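The report below describes a single protein chain for a reader who has the model at hand. Please keep the sequence and the coordinates in view while reading.

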Amino acid sequence: MSLKRKAADAATDAAKKTKVNGSITSFFGAPKPKAGATAAAKFDKDAWIAKLTDEQKELLKLEIDTLHESWLPHLKEVLLSPTFLSLKRFLKQELESGKTVYPPMQDVYSWSRHTPLNTVKAVITGQDPYHNPKQAHGLCFSVRPPTPAPPSLKNIYTALKKDYPDFKEPPNRGGLLTPWSDRGVLMLNTCLTVRRNEANSHSGKGWELLTQKVIDTVAKVRTNGVVFLAWGSPAQQRVKDVEKVYKERHLILKSVHPSPLAAHKGFFDCGHFKKANDWLQAKYGKDEGIDWNLDVDPEEAGV
């Protein structure tokens with residue numbers, strides 16, 4: 001069975017389960033233990049929650065309910081840090097004061113649920129979530145239908161077509177990248193929320209501490225190696241320590257950002273998508289590359 005077919009089947013099954021029981025907590029409950037998820041298997045979530053103060057439980061309700069449990073054991077110390085709790089107080093104040101925040105709260109950690117830690121094959125790092133309505137849904141560069149693909153994503157498609165001329169875009173000029181995340185591509189923004197129409201309005205508040213820990217965790221835990229696609233200086237800074245400590249374990253591909261302001265300086269010819277697959281196939285087997293095609297019906301993708 002192709003990777004694309006597997007992803008579609010998995011997404012369909014998840015969508016069916018959601019309809020049976022629509023609560024966030026039940027849908028995003030504990031995953032079945034899998035190889036490479038030792039820390040998660042040993043982690044007692046209920047015992048951890050029981051030790052939290054009432055304020056911590058209130059502030060971390062989103063993380064408790066929606067952050068995939070394969071990630072929680074590795075991120076729990078950051079979640080309880082003064083910096084992160086301060087971020088959550090700030091976010092609470094934003095919402096209580098009537099500010100519109102993107103993505104919708106239930107989507108802030110969608111990257112963790114689409115790509116559990118033990119499934120990560122590649123990492124793509126973005127910066128700030130889209131700050132206009134009906135765009136951001138928790139995966140960097142990705143937008144929900146019917147929103148058309150933004151300029152940077154169109155440039156990603158252009159580069160992909162150079163590597164794979166038969167590459168298929170999402171239906172209706174869309175920009176939904178959940179098929180990638182379901183196939184093991186971690187689509188992570190550096191900052192996970194933003195105020196409507198105000199770019200970078202939540203940057204420097206504490207998200208960076210958490211998302212850096214996510215990247216460092218992948219580098220440490222995925223011992224067989226993954227591909228880091230670092231586009232632009234900010235993304236390259238994020239993998240600086242990975243390159244320094246785990247250079248022999250992982251493949252790090254660098255390029256300018258796909259933004260229209262920079263893509264012409266080398267992104268279109270970076271060849272990252274084929275290089276990633278060549279490396280993964282050499283390391284894991286001929287069927288272990290990433291199916292980059294995106295012609296999946298949004299309903300099949302669980303959207």
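## Basis and confidence

The structure is a predicted model, in which local features need pLDDT of at least 70 and side-chain atom pairs count only at pLDDT 80 or more, while totals for chains, interfaces and linings use all residues. Residues are numbered from 1 along each chain as its sequence is written, and side-chain values use heavy atoms, with hydrogens and water left out.

The protein chain has an average pLDDT of 89, and 85% of the residues score at least 70; pLDDT is the predictor's confidence in each residue, from 0 to 100. Over residues 1–37, however, pLDDT stays under 50, and for these residues the model has 43 contacts beyond four places in sequence, a contact meaning heavy atoms within 4.5 Å.

## The annotated residue Asp 128

An unreviewed UniProt entry lists Asp 128 under "active site"; UniProt positions are given in the numbering used here, feature names are shortened, and annotations may be inferred rather than shown by experiment. Asp 128 is found in the loop between strand 2 (122–126) and helix 10, where helices (H or I, at least four residues) and strands (E, at least two) are DSSP runs numbered from the N terminus.

Leaving aside residues up to four places away in sequence, Asp 128 touches Asn 189, Cys 191, Thr 193, Val 194, Ala 199 and Asn 200. For Asn 200, the backbone nitrogen lies 2.6 Å from a polar atom of the side chain of Asp 128.

## Backbone features in the loops

The loop between strand 2 and helix 10 also holds Lys 134, a residue other than glycine whose phi has a positive value, near 60 degrees.

Another cis peptide bond runs from Tyr 102 to Pro 103, with omega near -5 degrees; Pro 103 is found in the loop between strand 1 (101–102) and helix 9 (110–114).

## Helix 10 against helix 15

Helix 10 (residues 151–163) and helix 15 (residues 272–284) pack with their axes 7 Å apart and at an angle of about 55 degrees. Axes are lines fitted to C-alpha atoms, for helices over the stretch in contact, and angles run from 0 to 180 degrees between N-to-C directions. Helix 10 and helix 15 are therefore oblique to each other, given that angles under 35 degrees count as roughly parallel, over 145 as roughly antiparallel, 65 to 115 as roughly perpendicular and the rest as oblique.

From helix 10, Ile 156, Ala 159, Leu 160 and Asp 163 meet His 272, Phe 273 and Lys 274 of helix 15. The residues of this contact divide into four nonpolar, one polar and two charged, with Ala, Val, Leu, Ile, Met, Phe, Trp, Tyr, Cys and Pro counted as nonpolar, Asp, Glu, Lys and Arg as charged, and the others, Gly among them, as polar. Lys 162, also in helix 10, touches Phe 268 and Asp 269, not counting residues up to four places away in sequence.

## Helix 8 against helix 12

Helix 8 (residues 82–96) packs with helix 12 (residues 207–221) at an angle of about 125 degrees, their axes being 8 Å apart, which makes helix 8 oblique to helix 12. Thr 83, Phe 84, Leu 87 and Leu 91 in helix 8 meet Trp 207, Leu 209 and Leu 210 in helix 12, and by class this contact has six nonpolar, one polar and no charged residues.

Notes. A polar contact is a pair of N or O atoms within 3.5 Å; within protein, one must be able to donate a hydrogen and the other to accept it, and residues adjacent in sequence count only if both atoms are side-chain atoms.
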